[in-house]
Each structure stands twice: as structure tokens, then as C-alpha cells.
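Reader: Can you walk me through this one? Keep it quick, please.

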Amino acid sequence: MVLDPLTLIMLAVLAVLIFFMFRNSRKRQAEQRELQTKVVPGATVMTNFGVFGTILSIDEEENRVELESSPGTVLTVHRQTIARVVEPVEAPAEAAAAIEGEPEFGERVDESPNDETPDTKKSDD
């Protein structure tokens with residue numbers, strides 16, 4: 001049985017695709033395990049459908065989570081709908097202070113002096 005080069009290339013591509021498929025599967029499983037360790041009562045989370053809230057309780061047997069989205073509003077959702085745990089973001093330090101005299105990003109600069117009127121064209125008539 002003689003394998004031509006095209007068949008060898010196709011088999012190599014198939015092997016690479018299978019390798020990446022297993023690799024991505026393992027990554028997703030690791031991320032899911034990490035998420036489940038962070039899902040504890042008191043954590044601020046976001047669901048798959050975009051609702052932010054704080055976990056009040058977790059029912060392991062029925063895979064339910066009680067989520068408080070606003071004061072007094074408690075939602076009961078399936079545990080797998082928790083998409084991510086929201087971590088508080090620290091304000092960036094003002095390390096890059098603005099250079100004196102330079103405008104901030106998006107700030108308009110008035111280049112015409114205040115005491116002069118802008119030049120206007122006058123007709124020769």
C-alpha cells in the first residue's frame with residue numbers, strides 16, 4: 001500500500017485538528033472548575049443573560065442559585081447560568097500625568113486668540 005503525499009498531508013491535518021480539539025476541551029474544563037470554586041455566597045456574578053447580582057445561597061442538590069439583583073429582588077437561577085464572577089476593578093493610578101499645556105484626549109483646543117475676531121473674507125464690491 002503506497003500513500004501518496006496528499007493523503008499524508010490530509011492525515012497530518014486531521015491529527016493536528018484532533019490535538020487542538022482535545023486541548024481546547026481541557027482548557028474549558030479547567031476554566032469551568034475555576035469558576036465553580038469562585039461561586040460562593042456573597043460573590044458578585046454575571047449570568048449568561050447579562051444580569052448582575054450577589055449570590056445569597058447555593059443549593060448543590062438541585063443546582064439552584066439564589067441571586068439578589070437589586071435590594072429586595074431575589075432571582076432563582078440554574079447554577080450553570082453563572083457566566084463569570086465579577087471582580088472589583090481598582091482605579092488606575094495617575095502615573096501618566098498630563099503634560100502641562102497639553103490638552104487631554106478628546107479636549108478641544110481653541111487656537112484663536114480671544115481678543116481678535118476671526119478673519120473673514122470681504123468681497124471686493
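Author: Buried means under 20% relative accessible area, exposed means over 50%, and partly exposed lies in between, with a 1.4 Å probe and protein chains only. This is a predicted model, where local features need pLDDT of at least 70, side-chain atom pairs count only at pLDDT 80 or more, and totals for chains, interfaces and linings use all residues. Residues are numbered from 1 along each chain as its sequence is written, and side-chain values use heavy atoms, with hydrogens and water left out.

Reader: Fine. Is Glu87 buried or exposed, or in between?

Author: Glu87 is partly exposed, at 48% relative accessible area.

Reader: Which residue does Glu87 meet in a salt bridge?

Author: Lys38, at 3.2 Å from N to O. A salt bridge here is a side-chain nitrogen of Lys or Arg within 4 Å of a carboxyl oxygen of Asp or Glu.

Reader: Where do Lys38 and Glu87 lie?

Author: Lys38 is in helix 1, and Glu87 is in the segment after strand 5 (82-85), so the pair ties together parts that are 49 residues apart in sequence. Helices (H or I, at least four residues) and strands (E, at least two) are DSSP runs, numbered from the N terminus.

Reader: What else does Lys38 form a salt bridge with?

Author: Glu34, with the closest N and O atoms 3.5 Å apart. Both lie in helix 1 (residues 5-38), four residues apart, about one turn of the helix. Lys38 is partly exposed at 33%, and Glu34 is partly exposed at 44%. Glu34, Lys38 and Glu87 are linked in a network of salt bridges.

Reader: How many salt bridges are in the whole structure?

Author: Four. One of them joins Arg64 and Glu62, at 3.5 Å from N to O. Arg64 is partly exposed at 44%, and Glu62 is partly exposed at 47%.

Reader: New topic. What does UniProt place at residues 6-23?

Author: The unreviewed UniProt entry puts a "transmembrane region" there. UniProt positions follow the numbering used here, feature names are shortened, and annotations may be inferred rather than shown by experiment. In the model, residues 6-23 are 100% helix and 0% strand, with the end C-alpha atoms 26 Å apart.

Reader: And the overall layout? In what order do the elements run from the N terminus?

Author: The order is α-β-β-β-β-β. That comes to one helix and five strands. Of the 125 residues, 12% are buried.

Reader: How do strand 1 and strand 2 pair?

Author: Strand 1 pairs with strand 2 (residues 52-59) in the antiparallel sense, over three bridges. Strands pair if DSSP finds at least two bridges between them. Val45 has Gly53 in strand 2 as its bridge partner. The two strands form a hairpin with four residues between them, and Gly50 in the turn has a positive phi of about 90 degrees.

Reader: What joins strand 2 to strand 3?

Author: Five bridges, with the strands running antiparallel; strand 3 covers residues 64-70. Ile58 stands opposite Val65 in strand 3. This hairpin also has four residues between its strands, and Asn63 takes a positive phi near 55 degrees.

Reader: Back to strand 1. Is Thr47 buried or exposed?

Author: Buried, with a relative accessible area of 0%. Thr47 sits in strand 1 (residues 44-47).

Reader: Which residues does Thr47 touch?

Author: Leu67, Thr81, Ile82 and Ala83, not counting residues up to four places away in sequence. Contact means heavy atoms within 4.5 Å.
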